[in-house]
Amino acid sequence: MGDIVRGGKRWTGQSLRTFRLNLEEFLQEETRELPAKAEAELLFRSIDGCRSDCDRLAARLDRLAAAANNLSESD
């Protein structure tokens, strides 16, 4: 009896994995609703780069504003 239950559990797990992979492939290749993993990773790296660039720009603008305030206070 235990072998039947374990076999059923194993079959269910394999079936769910196969279904997930088939669905993922269908959504990526046929409908183009989902990007491929490589495309998504490239996009996320680009977004991280933009975020980092924006943070550096904001810090530089803060330093320039502080320097401008110091110059105007010394006049």
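This is a predicted model: local features need pLDDT of at least 70, side-chain atom pairs count only at pLDDT 80 or more; totals for chains, interfaces and linings use all residues.
Student: How is arginine 56 classed by its relative accessibility?

Tutor: Arginine 56 counts as exposed because its relative accessibility is 52%. Aspartate 53, with a relative accessible area of 43%, is partly exposed.

Student: Which residue forms a salt bridge with aspartate 53?

Tutor: Side chains of opposite charge can pair when their charged atoms come close. Here aspartate 53 pairs with arginine 56 in a salt bridge, and the closest N and O atoms are 2.3 Å apart. The two residues are 3 residues apart in helix H2, about one turn of the helix.

Student: Why does a spacing of three places matter in an α-helix?

Tutor: With 3.6 residues a turn, residues three or four places apart point the same way. Arginine 51 and aspartate 48, also in helix H2, are 3 residues apart and so separated by about one helical turn. Their salt bridge has its closest N and O atoms 3.0 Å apart.

Student: What does arginine 6 form with aspartate 3?

Tutor: Arginine 6 and aspartate 3 form a salt bridge, with 2.7 Å between the closest N and O atoms. Both residues are exposed. They lie in helix H1, 3 residues apart, and are therefore separated by about one helical turn.

Student: How far apart are the end C-alpha atoms of helix H1?

Tutor: They are 41 Å apart, which agrees with the 42 Å that its 29 residues should span at 1.5 Å a residue. Just after H1, arginine 32 has a positive phi of about 60°.

Methods: Residues are numbered from 1 along each chain as its sequence is written. Side-chain values use heavy atoms; hydrogens and water are left out. Helices (H or I, at least four residues) and strands (E, at least two) are DSSP runs, numbered from the N terminus. The expected span of a helix is 1.5 Å times one less than its number of residues. A salt bridge is a side-chain nitrogen of Lys or Arg within 4 Å of a carboxyl oxygen of Asp or Glu. Buried means under 20% relative accessible area, exposed over 50%, partly exposed in between (1.4 Å probe, protein chains only).
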